[in-house]
Amino acid sequence: MAIGIRKKVIFISVAVLFLALAATTIVSSIFFMREYSAALKSRAFLVGSILKYQLEKLLKYDIPLNDLVGFDEQCQEIINNYGDITYAMVVDINGRILFHNDPQKRGEMFIYKNIQEILQNQKQELQRYNRNGEKFYNFSIPVQGLDNAPIAAIIIGFPASLITHKTALMVAYSVGVAIIFLTVGAISMVILLQFWVTTPLGQLLRAIMDIRAGGTDSAQLPIIKSKDEFGDLGRAFNEMVLQLRQSQAQVQNYTQELEFKVAESTSHLQEANEKLRQDIQVRLQAEAALRQTTQKLQTVINAAPLAIFVLDLEGRVRMWNPAAERIFGWRQEEAMRQRLPIVPEDKLEEFQGLLQRAGEGELLTGIELTRRKKDGSPIEISLYTAPLYDDQGQVAGTMALVADVTERRRAEEEIRKAHESLENVFASSADAIGTVDRHGHITQWNKAAEEIFGYPFEELREKRSVDLFADPAEFKVMDMQLRRRGYLRNYEISMRKKDGSVFPCSLSIRMLRDLDNRATGSITVARDLSEFKLLEVERQRFSKMEAVGTLAGGIAHDFNNILTAIIGNISLAMLDLQINQQARERLTEAERACQQAQNLSRQLLTFAKGGAPIKKIVSLKELASESASFACSGSRVNCQTSLPDDLWAAEADPGQISQVLHNLVINAIQAMPSGGMVRILGENLVVETGSELGLDAGRYVKISIQDEGIGMSADHLSKIFDPYFTTKQMGSGLGLATSYSIIKNHRGHMSVESKLEKGTTFQVYLPASDQKVTQQLQEDGELISGKGRILVMDDEPMVRKVLGKMLLAMGYEVESAQDGAQALELYTRAQDTGDPFVTVILDLTVPGGMGGKEAMARLLKIDSQVKAIVSSGYSDDPVMANFQSYGFTDVIAKPYRISELDKVLKNTLSGWK
């Protein structure tokens, strides 16, 4: 054992020696390296300062940096004096090496340090860098020019290996000396430890080994003589051995008693361990089942389409499933341990109330609320909650299940709007709409259906739809088609009203089916075709009347041409001074009859086409008197006129107004088949703004036609001006409608008042004119002679003939053409020969040839100053009413007298020379 201790002592001594050597090496290395580094820095600074002094001395002579002759030799000489310095160089501000003790380095770039940074620091600095795997030190000194601005840097360098080599030499010397001294100290320490420590410990060890081998009784106690700590240790050991010998006997007694008790306790412990093992097994099984249940529940919560979250009593989120993230937008880490983020600011009070109810253990089911998403948009939800309890049975929180019902709400709103729209259509439709169940009973019935069929819905609850059809056989045919096709559209069939009357009806029916495509009934839209059928009859009648009107228009045109020839010849005959007075009176009567025929012709044209009025300044007094006298002649009715002499003139179409007055008088005569009195009244009237008559403010002439006839009912009065409405068995229903249209075209108004058996009064309002009615310039037979050539274009030979005679009688020269093309040719020839026409009279309508309208357009291109008069038997043509818009100077409607022609010519030629 002593040998083992000695080995340890030797080992410890060697370890101490090694640590001492290592510490010596490290300390000496650091010391010598610092010393040599400081020495080299001093040398580098010295060399750099010398070179800087030399360089600044050269720069004082304003020598450029790139032309410092001899500076490199000075650098080399200085470096040779300091063997530790490896290189010295001068670098300009751009990093280019201007001078180097190695000529091959000149012109290269200094890449181991940013030269700008060196110059900006303006202080001496030591840098370290590696080149080709070897470490170097640079000592940089900025150089300033004459303006004290840095212009270059002097860099002194030496390898780091120089310091390392010298340091290694000094460290080796120091370590060698230390090894000698430490070795001697270690040997001395081993000898002393052998005498003072190892020998006493050896004796103590032998005594311990004896105790271990044979017990305390056989152990030989060590003899301790020293009085140091080892001696005290030996004596304490001897005392301990003696005490152990005494205690050993006691321990043996205790051991026997303990073994008996241990045996007894072991039996009880084994039983308890078995029971504990069984309890642990049961608990492990329960924990496994609970873990599986928890995993399944978590899977269900994560996979649930509903948002599921748990709140504590303060409303903070304790669980937040993926559906909640998807629906509301907040991620789990954003929502956890925060107040429920989905509650808008204006809903906090509502949320607190719900949270309180849930905290009291109340179950909330299907509560629909408005909440918000993360982006701030509102969301409609349906809320279900259940309380969560702790171990003591107290409510610890709330679990909430939330369904997004935004789309459902939107769909419900759209369905509601659609239902309202359908209800509005159902209620406001003019067509009858009803639904029928699969047994044929009527289940719905709108207001229009009640009006059309006459049945209130309450009376139809027990009726079948077949009862509304006039012919059961027709119903069966329709029902078969409906069941085969599933729908009918615009199916015409006869229906029966409550009063038993039958009427034509158009049905559109569609079968209603459930999800299994089984027929549950039908919906029907019914339209009463009675009015449509009447309109169809009226349309056919109107078509016939239109054809008759076209024929009447053609007859009126030809009739006007004939009347033009007759009236023209009568006018020419009356110019003959040799005829006696009796013949002249007969001619006058014939002319008056022709004028009445002219009025009839114009009525035919108005009936045929209507037409814009050809307005003139006319006396309504004369016009009304003549129309009434002509209409009442030959009848059993007397006519009484009350028309003041100061009755205002009107700007109107005399032919059309005569037709209106004639129609109204004829209507009054027909209302009094047994005779009676027709009164024609006239008055001047000023209409104020906002009048009930619907007229513009201004002056009007009012003509009233009163009869003593049978009168009309209020129902008839509302339709009296409708086309084709008549109360007469042989009437056409066009007279009053035409008259009403004529007055409206004159910007006037027409009204009627009537009572049964009390007679009828028609009022005609026409705008008054500020102008006076002008008399004819001369009477027949007193024409003023004219001069000049006049071109006449008309397709009727007899019109050309009589018109030519009339113009010759007035002193004009005449040339005639049968159509517009011939007229253009004659007009152009006259222009070229220098003998132009003073005016042109153009017939408006030329069947199969160029008419007056087209001819006038071409004449204006030939001669923009042409004077032309338009004439036509169609006085309703728009060109006649607006002749100036088409380039004509004046207008004259057929038929006309020579005096009327003379007046038009004088107006046309008044400015011609």
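User: What makes F309, W320 and F328 a cluster in this model?
Analyst: Ring pairs do: they link F309, W320 and F328 together. Keep in mind that the model is predicted. By the pairing rule, the count comes to 6 aromatic pairs.

User: Why is the pair of F469 and F475 called tilted?
Analyst: Their ring centres are 4.8 Å apart, and the cut-off for pairing is within 6.5 Å. The planes sit at 50°; under 30 degrees would be stacked and over 60 edge-to-face, with the rest tilted. So tilted is the label for F469 and F475. As for cover, F469 is buried, and F475 is too.

User: How do you know that K497 lies over the face of F503?
Analyst: K497 is 5.2 Å from the ring centre of F503, and the distance limit is within 6 Å. R699 does the like with W648: its charged end sits over the ring, 4.1 Å from the centre.

User: Why does Y173 count as exposed?
Analyst: Exposed means over 50% relative accessible area, and Y173 comes in at 59%, so it counts as exposed. Y173 lies in helix α4, residues 160-214. Along with V177, I180 and F181, Y173 makes a nonpolar surface patch of about 470 Å².

User: What makes helix α15 largely enclosed by the rest of the structure?
Analyst: Of its 17 residues, 15 are buried, so α15 is largely enclosed. Helix α15 covers residues 654-670 and reaches 24 Å from its first C-alpha to its last, close to the 24 Å expected at 1.5 Å a residue.

Terms used. Residues are numbered from 1 along each chain as its sequence is written. This is a predicted model: local features need pLDDT of at least 70, side-chain atom pairs count only at pLDDT 80 or more; totals for chains, interfaces and linings use all residues. Side-chain values use heavy atoms; hydrogens and water are left out. Patches are made of residues with over 30% relative accessible area and no salt bridge: like charges are joined within 9 Å, nonpolar side chains (Val, Leu, Ile, Met, Phe, Trp, Tyr) within 5 Å. Accessible areas come from the Shrake-Rupley method with a 1.4 Å probe; for residues, only the protein chains shown count as cover. A salt bridge is a side-chain nitrogen of Lys or Arg within 4 Å of a carboxyl oxygen of Asp or Glu. Helices (H or I, at least four residues) and strands (E, at least two) are DSSP runs, numbered from the N terminus. Buried means under 20% relative accessible area, exposed over 50%, partly exposed in between (1.4 Å probe, protein chains only). The expected span of a helix is 1.5 Å times one less than its number of residues. A charge sits over a ring if NZ of Lys or CZ of Arg is within 6 Å of the ring centre and within 35 degrees of the ring normal.
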